[in-house]
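User: I've got a protein model open and I'm trying to learn how to read it. Can we go through it together, one question at a time?

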Amino acid sequence: MRSHFLQRTIARLVRLCRISVVGLILPLFLVFGLTAAPAEAVAVFQVPTVAAGDSTWVVDEASIISRINENKISGRLSDLAGTTGNETRLVTIHHFDYGETIQTFTDKLFDRWYPTPEAQANQTLLVLDEVTKTVGIRVGDQSATLLTPDIADSVAQETVLYPLLEGDKYNQAFLAASDRLVAVLSGQADPGPPAFDDSFNSESTFTSAEETAENRSNTTILLVVLLVLATVIPMATYFWYAGFGN
């Protein structure tokens with residue numbers, strides 16, 4: 001009888017240990033971010049091919065532009081191509097591949113889509129990386145007579161990035177960029193970048209050294225508590241059952 005009780009107690013102890021280990025491991029994954037993340041880096045060859053003359057104007061690989069605004073932007077860029085021959089395409093990616101920068105990615109994509117000088121002449125390509133919030137732009141020789149390097153750089157680094165710095169306003173950023181690109185490539189006066197909201201405190205999104213040290217200390221304490229609980233609970237349970245059996 002007593003032997004049967006001890007066998008049952010040991011079986012319960014084994015089950016409790018398994019539960020305790022699982023209960024310890026899961027919080028550790030959550031605390032330290034050890035869950036495996038899918039490889040989401042994008043190589044140039046993974047972006048769908050768009051050739052000169054195609055009717056695709058927005059390639060939203062990062063899925064950050066609403067369908068309504070994508071249609072608005074596509075309509076504007078289609079009208080621009082129809083009236084001036086200048087083609088502009090906007091691309092979003094989640095993150096460029098290791099070893100790239102947003103500008104090298106943009107240049108490689110531009111050369112892949114438009115492999116000849118003739119195909120490149122009237123093209124403008126703007127690419128946004130969602131993770132780093134960086135923007136690259138490449139302009140063909142003919143389009144560059146209107147969209148000068150200074151204006152192109154301002155479109156990428158001000159017109160697109162200002163709304164993102166103010167709160168990840170991707171739709172606003174691309175609508176503003178398309179408006180400015182259409183105006184300049186149509187031969188109109190450059191409307192310039194949007195006004196930047198100085199009240200936005202970009203530093204508030206970063207953790208201070210003191211906060212980082214405090215979070216690390218709290219994490220260490222939590223880890224110690226979890227380890228103690230994972231050890232004490234099975235032992236206490238075993239002795240409780242053994243005492244109850246006696």
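User: Let's start with a side chain. Which residue's side chain does aspartate 111 join in a polar contact?
Analyst: Keep in mind that this is a predicted model. Aspartate 111 is found in helix H3. Leaving out residues up to four places away in sequence, aspartate 111 touches Gln120 and Arg138. The side-chain polar contact, at 3.3 Å, is with glutamine 120.

User: And how far is aspartate 111 from arginine 138, C-alpha to C-alpha?
Analyst: The two residues touch, yet they sit 27 residues apart along the chain. Between their C-alpha atoms the separation is 9.8 Å.

User: Is aspartate 111 buried, partly exposed or exposed?
Analyst: Buried means under 20% relative accessible area and exposed means over 50%. Aspartate 111 comes out at 37%, so it counts as partly exposed.

User: Let's zoom out a bit. What is the order of the strands in the sheet?
Analyst: The protein chain has seven helices and four strands. Four strands make an open sheet with mixed pairing. Its edge strands, each pairing on one side only, are S1 (58–60) and S4 (134–139). Reading across, the order is S1-S2-S3-S4.

User: By how much are neighbouring strands of this sheet turned against each other on average?
Analyst: For this value, direction is ignored. The average for neighbouring strands is 10 degrees.

User: In which sense do S1 and S2 pair?
Analyst: Strand S2 covers residues 87–93, and three bridges link S1 with S2. As one spot to look at, valine 59 stands opposite valine 91 in S2. The sense of the S1 and S2 pairing is parallel.

User: Which strands does helix H3 touch?
Analyst: H3 spans residues 102–113 and packs on the sheet. Its direction makes about 35 degrees with that of S4. The strands touched by H3 are S1, S2, S3 (123–129) and S4.

User: What about helix H2: at what angle does it run to S2?
Analyst: H2 takes in residues 67–84 and lies across S1 and S2. Its angle to S2 is about 150 degrees.

User: Which residue's side chain makes a polar contact with the side chain of asparagine 69?
Analyst: Asparagine 69 lies in helix H2. Not counting residues up to four places away in sequence, asparagine 69 touches Asn171 and Leu175. The side-chain polar contact is 3.0 Å, and the partner is serine 66.

User: Does asparagine 69 count as buried or exposed?
Analyst: The cut-off for buried is under 20% relative accessible area. Asparagine 69 has 13%, so it counts as buried.

User: Now the rings! What kind of pair do phenylalanine 110 and tyrosine 114 form?
Analyst: A pair of aromatic rings is described by the distance of the centres and the angle of the planes. Here the centres are 5.2 Å apart and the planes stand at 75 degrees. Planes over 60 degrees apart count as edge-to-face. So the pair of phenylalanine 110 and tyrosine 114 is edge-to-face.

User: Which residues form the aromatic cluster?
Analyst: The structure holds two aromatic pairs. The one cluster is made of Phe110, Trp113 and Tyr114.

User: What is the relative accessibility of tryptophan 113?
Analyst: Phenylalanine 110 is buried at 0%, and tyrosine 114 is buried at 0% too. Tryptophan 113 also counts as buried, and its value is 3%.

User: Last one: over which residues is the pLDDT below 50, with ten contacts beyond near neighbours in sequence?
Analyst: The mean pLDDT of the chain is 81, and 66% of its residues reach 70 or more. Where pLDDT is low, the predicted coordinates should not be read in detail. One stretch under 50 is residues 202–209, which has three contacts beyond four places in sequence. The stretch with ten contacts is residues 28–39.

Notes:
Residues are numbered from 1 along each chain as its sequence is written. This is a predicted model: local features need pLDDT of at least 70, side-chain atom pairs count only at pLDDT 80 or more; totals for chains, interfaces and linings use all residues. Side-chain values use heavy atoms; hydrogens and water are left out. Two strands pair if DSSP finds at least two bridges between them. Helices (H or I, at least four residues) and strands (E, at least two) are DSSP runs, numbered from the N terminus. Axes are lines fitted to C-alpha atoms, for helices over the stretch in contact, and angles run from 0 to 180 degrees between N-to-C directions. Contact means heavy atoms within 4.5 Å. Buried means under 20% relative accessible area, exposed over 50%, partly exposed in between (1.4 Å probe, protein chains only). A polar contact is a pair of N or O atoms within 3.5 Å; within protein, one must be able to donate a hydrogen and the other to accept it, and residues adjacent in sequence count only if both atoms are side-chain atoms. Rings of Phe, Tyr and Trp (its six-membered ring) pair if their centres lie within 6.5 Å; planes under 30 degrees apart count as stacked, over 60 as edge-to-face and the rest as tilted. pLDDT is the predictor's confidence in each residue, from 0 to 100.
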